[in-house]
Amino acid sequence: MKNKQVNHTRNIWDRAITILPRANQFWYKYTYMEEMLGNVAGARQVFERWMEWEPEEQAWQTYIKFELRYKEFDRTRAVFERFVIVHPEVKNWIKYARFEEQNSYVSSARRIYERGVEYFGEDNMDEKLFLSFSKFEENQKEHERARVIYKYALDHIDKERAQELYKAYTIHEKKFGDRSAIEDVILSKRRYQYEEEVRSNEHNYDAWFDYLRLVENEGSVDAIRELYERAIANVPPTAEKRHWRRYIYLWINYALFEELVADDGEKTRQVYKACLDLIPHKRFTFAKMWLLFAQFEIRQKELQTARKILGMAIGRCPKDKLFRGYIDLEIQLREFERCRILYEKFLETGPENCTTWIKFAELETILGDQERARAIYELAISQPRLDMPEVLWKSYIDFEIEADEYARTRALYRRLLERTQHVKVWISFAQFELSVNPDDVSFCRGVYAEANKAMKSSDEKEERLMLLESWREFEVEHGDEKTKADVENMMPKRVKKRRKVQTEDGSDAGWEEYFDYIFPSDEAAMPNLKLLAMAKAWRKKQEEQASNDIPTQVADADPEEGEGETINEGDGEETVKEGYEETIKEGDGEETVKEGGGEETTKEGGGETVQEEDEEAVKEGGGEEAVKEEDEVAVKEPEKVVDA
């Protein structure tokens with residue numbers, strides 16, 4: 001070329017491309033030389049020879065650009081036709097169509113897109129081709145065509161590979177569509193999400209509910225029915241009721257859809273029967289399904305069929321809910337004899353059910369047969385086992401009160417108190433006497449006094465306190481000063497105590513504080529009060545001598561053979577040895593009594609006093625106080641205590 005030997009150069013290039021036809025660099029140089037020499041036809045001939053070897057995509061692109069430089073559109077189109085056959089990829093079809101679009105060959109570009117869709121078919125669809133096709137139609141203002149392309153693509157392409165297509169479709173509808181079109185896009189996207197959820201887990205019933213609700217909004221009966229059939233086909237794998245609770249609502253919704261939306265009574269009946277046949281009634285049942293089936297038959301004016309369904313239900317699986325539903329149905333139909341028969345069957349199945357007895361008696365009361373209702377109550381309270389006896393007794397008592405049978409009511413209270421001495425029973429009895437005899441409160445006061453006497457032997461001090469508080473409230477409203485003072489003198493004092501806590505294996509787990517109540521009538525069980533009085537006097541004396549800051553040692557003991565007391569004063573401490581040890585600390589109004597394994601703490605501010613029930617008995621007579629001990633006590637030497 002430097003020596004202007006063009007033909008020799010051509011010969012060399014010909015030999016090179018003949019010997020090494022796959023060396024693309026030779027072809028590039030050869031075509032470039034011919035084009036630089038202005039030999040367009042020769043360059044085209046070289047390109048044609050090159051294309052016969054079906055080189056890579058870049059070679060075809062170079063040939064296409066060469067033809068475009070010389071405005072040879074027909075030749076360019078022919079090269080593209082061969083190009084998309086040799087390299088049938090989506091991007092090459094898109095380049096071909098864009099070439100036609102850029103040169104204003106709209107119909108030709110549309111045909112190329114259509115050919116591309118047909119060429120790849122349904123098995124090899126690619127969202128990029130449809131995205132480009134729909135964008136082309138949008139640019140041509142053909143929005144309906146673009147919408148059809150989007151829908152066709154979304155219906156035929158796997159949802160996993162159509163994410164960008166969904167986004168583009170949504171944007172298109174927001175720009176050019178109406179409200180219904182936008183909703184349709186969103187619904188189709190949500191439908192895809194639900195399909196993925198139910199495909200990954202067929203027993204995800206919540207996803208099925210959401211999916212069905214979405215499809216029901218579209219209004220296609222066949223599509224909804226088909227989806228319901230798909231959903232109910234996923235039967236829980238185990239026969240456990242907790243796994244069936246969500247699943248059974250698919251059947252309920254299906255039946256309601258067939259009845260209310262599809263308006264197909266026979267199909268609804270088939271749905272109910274299929275569901276009841278599927279449930280393992282020997283293991284468990286769903287009373288709701290039986291009741292809904294019976295109610296459906298009543299709406300269809302098939303009363304005898306509904307009764308047969310409920311009768312079969314209580315025969316196969318006698319549940320409380322089924323009995324109550326059947327009884328409510330007969331009550332609404334005013335078939336009271338049938339209600340009595342059903343209640344009798346119900347009580348044969350579960351005689352311990354207090355609610356059933358009460359409802360049965362209430363039915364007889366409504367019908368005006370008090371003797372029958374009373375007989376039912378008597379049968380009920382005579383049962384050996386009851387699940388809620390207190391509710392039953394209360395209902396019986398209320399029944400007698402409403403009937404103004406006060407003598408019977410008192411007798412009922414007495415019978416109940418023979419069985420239990422619960423404080424609420426006594427309080428209710430007293431309030432009953434007050435309501436019956438508001439002018440004569442002596443009956444009510446007598447009940448309170450009897451209750452207090454009966455509960456003295458009880459260990460439930462809190463219940464006894466509740467009784468006294470109720471009595472005090474009664475006296476505040478209806479009593480005089482004397483009765484108020486009498487009740488007030490019966491009120492206990494609350495003391496704080498400490499006790500050891502032991503674990504299940506018997507080891508110590510420390511101490512815990514608790515509150516106890518000391519009643520004035522329990523003075524026989526109180527500890528030595530004189531000892532506490534001595535402790536208080538000693539503490540007062542210590543406070544007077546505290547300013548001297550001199551250790552004091554006080555020993556006041558009158559040792560006798562087999563009995564003795566030692567009191568050490570110092571820092572508010574006093575110790576008495578009497579067969580066992582009691583330590584009383586008085587500091588800031590607090591006293592502590594250690595008793596072998598127990599300890600009691602009492603605050604004396606606010607009128608509180610330590611009193612042990614298991615201590616020494618105090619006997620008073622002639623102004624003297626004697627303390628009797630079972631074991632002999634050795635006299636200890638006084639200990640020296642330094643005042644803090």
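## The second largest cavity

In this predicted model, Val90, Val117, Phe120, Gly121, Asn124, Met125, Asp126, Leu129 and Phe130 line the second largest cavity, where a cavity is a set of points, on a 1 Å grid over the protein atoms alone, at which a 1.4 Å probe fits but cannot get out, and lining residues have an atom within 4 Å of a point. Helix H7 (106-120) and helix H8 (127-139) are the elements that give two or more residues to this lining; helices here are DSSP runs (H or I, at least four residues) numbered from the N terminus.

The second largest cavity holds about 40 Å³ of space, a volume being the space filled by probe spheres set on grid points that are joined across faces, edges and corners. Its lining has 6 nonpolar, 2 polar and 1 charged residues, with Ala, Val, Leu, Ile, Met, Phe, Trp, Tyr, Cys and Pro counted as nonpolar, Asp, Glu, Lys and Arg as charged, and the others, Gly among them, as polar. The count of cavities of 30 Å³ or more comes to 3.

## Basis of the model

Residues are numbered from 1 along each chain as its sequence is written, and side-chain values use heavy atoms, with hydrogens and water left out. Because the model is predicted, local features need pLDDT of at least 70 and side-chain atom pairs count only at pLDDT 80 or more, whereas totals for chains, interfaces and linings use all residues.

## The second largest pocket

The second largest pocket, a pocket being an open set of points with protein on both sides within 12 Å along at least five of seven lines, has a volume of about 380 Å³. Of the 15 residues that line this pocket, Glu390, Trp393, Lys394, Leu416 and Val425 lie nearest its centre. Helix H23 (389-402), helix H24 (406-419) and helix H25 (423-436) each give two or more residues to the lining, and the largest share, 7 residues, comes from H23. By class, the lining of the second largest pocket divides into 7 nonpolar, 3 polar and 5 charged residues.

## Salt bridges between helices

The model has 42 salt bridges, each defined as a side-chain nitrogen of Lys or Arg within 4 Å of a carboxyl oxygen of Asp or Glu. In one of them, arginine 44 pairs with glutamate 67, the closest N and O atoms being 2.9 Å apart; arginine 44 lies in helix H3 (residues 40-51) and glutamate 67 in helix H4, so the pair ties together parts that are 23 residues apart in sequence. Both arginine 44 and glutamate 67 are buried, which means under 20% relative accessible area, as against over 50% for exposed and in between for partly exposed (1.4 Å probe, protein chains only).

Arginine 82 and glutamate 48 also meet in a salt bridge (3.0 Å, N to O), which links helix H5 to helix H3 across 34 residues. Arginine 82 is partly exposed at 31%, and glutamate 48 is partly exposed at 29%. A further salt bridge joins glutamate 100 and arginine 77 (2.6 Å, N to O), with glutamate 100 in helix H6 (residues 90-102) and arginine 77 in helix H5; glutamate 100 is buried at 0% relative accessibility, and arginine 77 is buried at 19%.

## Loop residues with positive phi

Lysine 71, although not a glycine, has a positive phi of about 60 degrees, and its place is in the loop between helix H4 (57-69) and helix H5 (73-86). Aspartate 263 has a positive phi near 55 degrees and is found in the loop between helix H15 (247-261) and helix H16 (265-278). Lysine 71 is exposed, with a relative accessible area of 61%, and aspartate 263 is exposed, with 64%.
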